[in-house]
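This briefing sets out selected features of one protein chain for computational work.

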Amino acid sequence: MNEKVLKTLEYHKIIDMLSECATSASGRELCRNLKPSVDPAKIQLAQRQTSDALTRIYQKGSLSFSGTHNVGASFKRLEIGGSLGIEELLKIASLLEVAKRAKTYARKEREDAKADSLEELFDRIEPLTPLLSEIRRCILSEDEIADDASAALKSIRRSMKNTNEKIRSQMNDMLNSTRTHLQDAVITMRNGRYCLPVKAESKGQVPGMIHDQSSTGSTLFIEPMAIVKLNNDLKELFLKEQDEIEKILASLSSLAAEYIPYLEDNYKVLTELDFIFAKGSLAKSYNGTAPIFNQEHRIRIRKGRHPLLDSRKVVPIDIHLGDDFDLLIVTGPNTGGKTVSLKTVGLFTLMGQSGLHIPANDRSELSIFEEVFADIGDEQSIEQSLSTFSSHMTNIISILKQVNENSLVLFDELCAGTDPTEGAALAISILSRLHNYGVRTMATTHYSELKVFAISTPGVENACCEFSVETLSPTYRLLIGIPGKSNAFAISGKLGLPADIIEEAKKHITEQEEDLEDLISDLESSRITIEKERLEAEQYKQEMETLKRRLEEKQERLESQREKIIRQANEDAHAILREAKEVADQTIKNFHKYGRGTAPAKEMEQERSKLRGRMNDLEKNMSLKQTETSNHKVPKKLRLGDSVKVLSMNLKGTVHTLPNEKGDLYVQMGILRSLVNIKDLVLLEDAAPSDNRKKSTGTGKLKMSKSASVSSEINLIGKTTDEAIALLDKYLDDAYLAHMPSVRIVHGKGTGALRKAVHSHLKRLKYVKSFRLGEFGEGDSGVTIADFS
């Protein structure tokens, strides 16, 4: 792809945005070197990798590759048997920590999860845990080696500590005994040896070696003779410590040398993954989608948004090219969006062939072009003595020499800057040549002759950027199939230009030009009418789809209720038959008993009375159930926390949300939260308070208050671990005081850090009887259910 078009279409700005999404220096370097490809296989793989990275980002969050250092120079030193320094070994450890983090990120949550294009890259990563652990055990920071790095180092440092303590003890004694001869009562260091600041006139009173003096000469820094040997011992121990540290570094370097192939592969894979995830993060930032590539040089962009414009203000456009026409001529007012439309097509093509997603709706189509040519903007050159027209024509000549049927050509204001008649003729000739070649071309212009050319030539189509005469501003909508209309007269009239001047101007327009403008006006009116009718038809279609879906859902509910009623009826009938059989068996038994005449008639009458009583009780219960389910009073005013009974489920619960305009609301029934209609509810009245309850304690009031206000669920998603645990602790206290049997804690899946913190906190609470992860339908591993004791 030629560098000129990359600059013209501002491709480098997209690359800058991509580089900002990378988290490692090597990843950013890959981003900066990204260029459009013409290999279909490479493009498809790059697009699939971007899609898979975007999916993982949405599912698990972003993955940071910060700490991926280029340690190639260190590997070369290891290959020749060299020893690495502390900083180089720490960079290797940092690389391995990124590898470990990436490996954990890629771990599947379910064994049946579908593999994607990134799994092979993640599988190649080797965290090399033994090497990482050994480096971290021995090296604490860039300036410190751990005492436990080796037994010898630990022994040396213990000796150094003891020697230091002896020196300080003796120095403190001398400090007290020679205080009058000292300039300051402090112990200082000179050339790595402990000294006392002695007054120059008292140097004979403190025997020892002079190491330094102050700038004025009034103070001498003397090492007392009593500690010279101890200072020598300390110096010797220091040299031994340095030798031991070199041995430790050499040992770590030797260990690292064994894993050079794995370390090199880790660096390459992590750099590539950083680059791929940067593409995914960029796609997420502008809500991008993967384009569909075709071999027919067809472009079909659905609701495309230029990625460099403000996403809150940009107007999405629909563009198609290559189906019924291969040349699109766009007309319209200045600042109406013609150039943006042109750049959007070119930039989307470059982005798609670079493996980047485009900010457009799903099922947008692009094609692979070997070259993209663009003549956009004012390229006037003072240095080369070229006018605007000359510079554009030089560029156009270059394009015509290189173009072929596999090229995409974009012209902005073709042949402008010269005589309109000659410019229009040249533009028609150039576009005709490209049209005959079958080159996909898009051009913007103000020439009316090009509108006629598009109308009269097969395979060429008009388009315009819509302009509102009422508001005197463009709408930035691209309308394909309609030539742009000159709104000069209408705009002038709106701005207050006298009508007689406008009428005089109209007389200078030829009849043919006036007919063309009238035709364009009629087309515009027809388009507005058709667009309005299309929108109405679309709205009706959506309403019909909604009604159809509601009917299907209602039918499913009725079928489900029907099956439930039939099953319940069968169960009830079976119970009735079983009970009837038991009664019949008992009656026959009694009949045989009383039939022998051994029992008096009074006992027989008592049995009959018992049987009649049972029948009356059953009839009474049936009447109560029928009254409860069919003639219940629909609650008028519900409040959050009210106790209700859901008739269809025969469960009690509390009101979780207020009813909407359709009467639907959420009711919390234990751990079940369900959407029901207010007609399916019965408001449960609290029992009248007795005298004993009037004397209830403050604790009782607190429990009643908590029970009415505490939700059975807490959502911790988006909180830091510290914030979440603080909120959870208070919530669990309130829920326990409210006598809730269990609660639902929503912490999400993510990296699992918040889930671990929640479980760790629950283990420490004595009043939490048990807890478990949610099952299917409860939220899976993103939810924890806690039961109170």
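Two strands are taken as paired if DSSP finds at least two bridges between them. On that basis, Val644 stands opposite Gly653 in E18. The model discussed here is predicted. It contains an open sheet of five strands, an open sheet of four strands and 26 salt bridges.

**The five-strand sheet**

- Strands of a sheet pair through backbone hydrogen bonds, in either a parallel or an antiparallel sense.
- In this sheet the order is E20-E19-E18-E17-E21, and the pairing is antiparallel.
- From one strand to the next, the twist averages 45°.

- Strand E17 (residues 643-646) and strand E18 (residues 651-655) run antiparallel and are joined by four bridges.
- Ser643 faces Thr654 of E18 across this pairing.
- E17 and E18 form a hairpin with four residues between them, and Asn650 in the turn has a positive phi of about 55°.
- E17 also pairs with E21, in the antiparallel sense and over three bridges.
- Which residue of E21 stands opposite Val644? It is Leu683; in E18, Val644 stands opposite Gly653.
- E18 is joined to strand E19 (residues 664-669) by two bridges, and these strands run antiparallel.
- The bridge partner of Val655 in E19 is Val667.

- Five bridges connect E5 with strand E6 (residues 219-224), and the two run antiparallel.
- Ile210 is placed opposite Ile222 in E6.

**Charged groups**

- Side chains of opposite charge can pair when their charged atoms come close.
- Among the 26 salt bridges of the structure is the one between the side chains of Asp265 and Arg124, with an N to O distance of 2.5 Å.
- This pair links distant parts of the chain: Asp265 lies in helix H11 (residues 260-285) and Arg124 in helix H7 (residues 119-124), 141 residues apart.
- Which residues gather in a patch of negative charge on the surface? They are Glu87, Glu142, Asp143 and Glu144.
- Glu142, one of these residues, is in the loop between strand E1 (139-141) and strand E2 (144-145).

**Backbone angles**

- Most residues other than glycine have a negative phi, and most peptide bonds are trans.
- Glu10 has a phi near 60°, which is a positive value in a residue other than glycine.
- Glu10 is placed in the loop between helix H1 (3-8) and helix H2 (11-21).
- For Arg363, phi is near 70°, likewise a positive value in a residue other than glycine.
- The loop that holds Arg363 runs between helix H12 (338-353) and strand E11 (365-367).

Terms used:
Residues are numbered from 1 along each chain as its sequence is written. This is a predicted model: local features need pLDDT of at least 70, side-chain atom pairs count only at pLDDT 80 or more; totals for chains, interfaces and linings use all residues. Side-chain values use heavy atoms; hydrogens and water are left out. Patches are made of residues with over 30% relative accessible area and no salt bridge: like charges are joined within 9 Å, nonpolar side chains (Val, Leu, Ile, Met, Phe, Trp, Tyr) within 5 Å. Accessible areas come from the Shrake-Rupley method with a 1.4 Å probe; for residues, only the protein chains shown count as cover. A salt bridge is a side-chain nitrogen of Lys or Arg within 4 Å of a carboxyl oxygen of Asp or Glu. Lys and Arg count as positive and Asp and Glu as negative; His and the chain ends are not counted. The place of a charge is taken as NZ of Lys, CZ of Arg, CG of Asp or CD of Glu. Axes are lines fitted to C-alpha atoms, for helices over the stretch in contact, and angles run from 0 to 180 degrees between N-to-C directions.
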